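Here is a structure to talk through together.

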Amino acid sequence: MDDSGGHDVAGQHETEARQVGLGHPPNSDQPRPAGAVRVLMLGDVIGKPGRVALEGPLPELRHARGIDFVTANGETLAGGMGLTASTADALFAAGVDVVTSGNHIWDKREIYATLETEERILRPLNYGNHDVTGRGWGIFHAADGTELAVINLQGRTYMQPIDNPFTDADRLLEEGVEPLPAVRLVDFHCEITSEKNALGVYLDGRVSAVVGTHTHVVTADERILPGGTAYLTDVGMTGPRDSVIGIRSDDAIQKFITQMPKRFNLAEGAGQLSAVLLDIADDGRARRIQRLQIHDD
Ligand code: FE2
């Protein structure tokens, strides 16, 4: 106990524990640097609980924070497996500008045709172009008029052995006929932290942000790399909080105990929204990165 400092160590500990419990620093509302575009990137939105956790706060959040552009990973939006046109439309209606994805984008076949026609839905770029539908990047306009590129990549460690995300990113960034806009956002859908970290460092100075998705668990390592790229290993899920990464806890625990085949059901109950807020200058360099989490209760 430290009386001299005028504060109570036990009380301080309680404050820290609460912040750790929430998994994010206080959601302050700093002014945006002049001329910077403000972007919100959301991780995996899981089923109806995720959609509800997003639909509630996002319109007001966009308005209150002056957010110009929103991405959300929708690969597990349709009942926890895949994406459909109607579930994607719900995200667009709530204020999402671009839906990114990952390995689960292929779970519902009905999305295949939509991937051909709906430019606002991306699948990972490094599935290649050999009979793979859809596109892995696109150029869009934010509400403030800023032109920006969104690039969706997927890792390979403990995942499908698709094309190399590092060299595919090189090809897109260095070998395109037209240079991409200065503001470039990367959703890196990837299993392990080291592969995500390596891609962030590899692309530092060439893109504005590398934000990880797929593990559903938010990490606390947000930073701006030396070259100006905002980086976060995983932005975490938007979905049912009382769960094991979105799945009913008893289903997941039984699977770990028995190792027998187990049908996973989506958890229900209170939701959480997990996102990262980015301010990016017109030279493409990030000026600010802040994790943001909103709970139902
Ligand atoms: Fe995934």
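Q: Why is threonine 213 called buried?
A: Its relative accessibility is 1%, and buried means under 20% relative accessible area (exposed is over 50%, partly exposed in between; 1.4 Å probe, protein chains only), so threonine 213 counts as buried. A word on the source: this is a predicted model, where local features need pLDDT of at least 70 and side-chain atom pairs count only at pLDDT 80 or more, while totals for chains, interfaces and linings use all residues. Residues are numbered from 1 along each chain as its sequence is written, and side-chain values use heavy atoms, with hydrogens and water left out.

Q: Where is threonine 213 found, and what does it touch?
A: Threonine 213 is found in strand β7 (residues 209-213); strands are DSSP runs of E, at least two residues, and helices are runs of H or I, at least four, numbered from the N terminus. Not counting residues up to four places away in sequence, threonine 213 touches residues including Asp187, His189, Lys196 and Asp234, where contact means heavy atoms within 4.5 Å.

Q: What makes the buried residues of α7 line one face?
A: In helix α7 (residues 193-202) the buried residues are Glu195, Lys196, Leu199 and Gly200. Seen down the axis they fall within an arc of 135°, so they line one face of the helix; the arc is that of the directions from the helix axis to the C-beta atoms. Exposed Thr193 and Val201 are on the face turned away from the buried side. Among the elements covering the buried residues are β7 and α6 (165-175).
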